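Visitor: I have a few questions about this fold. Could we go through them one at a time?

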Amino acid sequence: MSDRKACVGPEEVGVLMDLLSHDILNNNQATLSYLELIHSSEVDRRTKEFAEKAASQLRTSSVLLDGVRRFVSSSRGGRIPTSPVDLRETLADVGREVSSLFPHKKVTVDLSGVAAGTRVIGANCVSDLFTNLIMNLVQLDPAQKVRVEVKVRPARRKAGTEVRVEVSSPNAVLPQGVGDDLFAHASPGDTSKMARVSGAVFASSVARALGGGVTSRVLDPKRNRGCAFEVTLEGVRPR
C-alpha cells in the first residue's frame, strides 16, 4: 500500500449519505407500515399506545435524516440556497408538520411573537432548520401537552439585518452537559451525550451555513427545567 494519505472527498461523502439515507428511510417506511397494522388491529389500548409512540420515533428520525440528506446535497459545491422566505408562514407550516409527528401528544406552537412579513434568508433550509429544532424541543418535553413559544428578539446590532428567533418550552429538559454552543459538544469521537439533541445540532449546522447560529439555555437552572434555543439568521430589510 502506498504512503500517500487516504482522503475521501465531499462528493463521495455525499453519495454515501444519499445511499445510507435512502436505505434507512425505506426501512423506516416498511416498519411504519407494520406498526400501523398493529395500531389498526384488535389489540389492547396499551399495545396501541406503544405502537403509536414507536411510530412517532420512526417518523422523527426520518424527518431528521431527510433534512440532513437535503442539506448535504445542497452543500455540495457551496450551493446553499439564499432566497428569502416569510418566517411566520414557514413556522406555521412547521408547526402543523411537527404536531402531526406526535399524535400521542397535544402540541401547540404559539407564533404570536412573530410579526407578519418578517423575512429571512435561506429558502427551504429555514423550514428544515425549524422543523428539526421544534421537533427536538417536543422530544425533550415529557408532558403530554406541549406548548412551544416562538418569538423574534430585538437584534443585537443596530445596523444590519440580523433576526434572532427564540424557540422555547417551559417543561423541556436539556440534557446535562449540553452548553450554550451546541456544536462545540458534538465531537466526532463521542456523540453519545448529544444524541438527545441531534435535531438541534443539525439546526445549528444549517444556521451556521446560512451565516447565523443556534445557542441553548435552561430557563430555570435551579430545577433544570425549561429550555430555549435562540436562532440567529440573516433577515431582509422591509421595503
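Visitor: Which residue in E7 does Ser169 stand opposite?

Guide: Keep in mind that this is a predicted model. Strand E5 covers residues 162-169 and pairs with strand E7, residues 225-234, in the antiparallel sense over eight bridges. In E7, the residue opposite Ser169 is Cys227.

Visitor: Which strands stand at the edges of the sheet, each with a single partner strand?

Guide: The sheet is open and its pairing is mixed. Its five strands run in the order E2-E4-E5-E7-E6. The end strands have a single partner each, so one side of each is left without a neighbour in the sheet. They are E2 (106-113) and E6 (213-220).

Visitor: What angle does the direction of helix H4 make with that of E7?

Guide: H4 spans residues 124-140 and packs on the sheet. It touches E2, E4, E5, E6 and E7. With the direction of E7, the direction of H4 makes about 175°.

Visitor: And helix H5: which strands does it touch?

Guide: H5, residues 198-209, also packs on the sheet. Its direction makes about 140° with that of E6. The strands touched by H5 are E6 and E7.

Conventions. Residues are numbered from 1 along each chain as its sequence is written. This is a predicted model: local features need pLDDT of at least 70, side-chain atom pairs count only at pLDDT 80 or more; totals for chains, interfaces and linings use all residues. Side-chain values use heavy atoms; hydrogens and water are left out. Two strands pair if DSSP finds at least two bridges between them. Helices (H or I, at least four residues) and strands (E, at least two) are DSSP runs, numbered from the N terminus. Contact means heavy atoms within 4.5 Å. Axes are lines fitted to C-alpha atoms, for helices over the stretch in contact, and angles run from 0 to 180 degrees between N-to-C directions.
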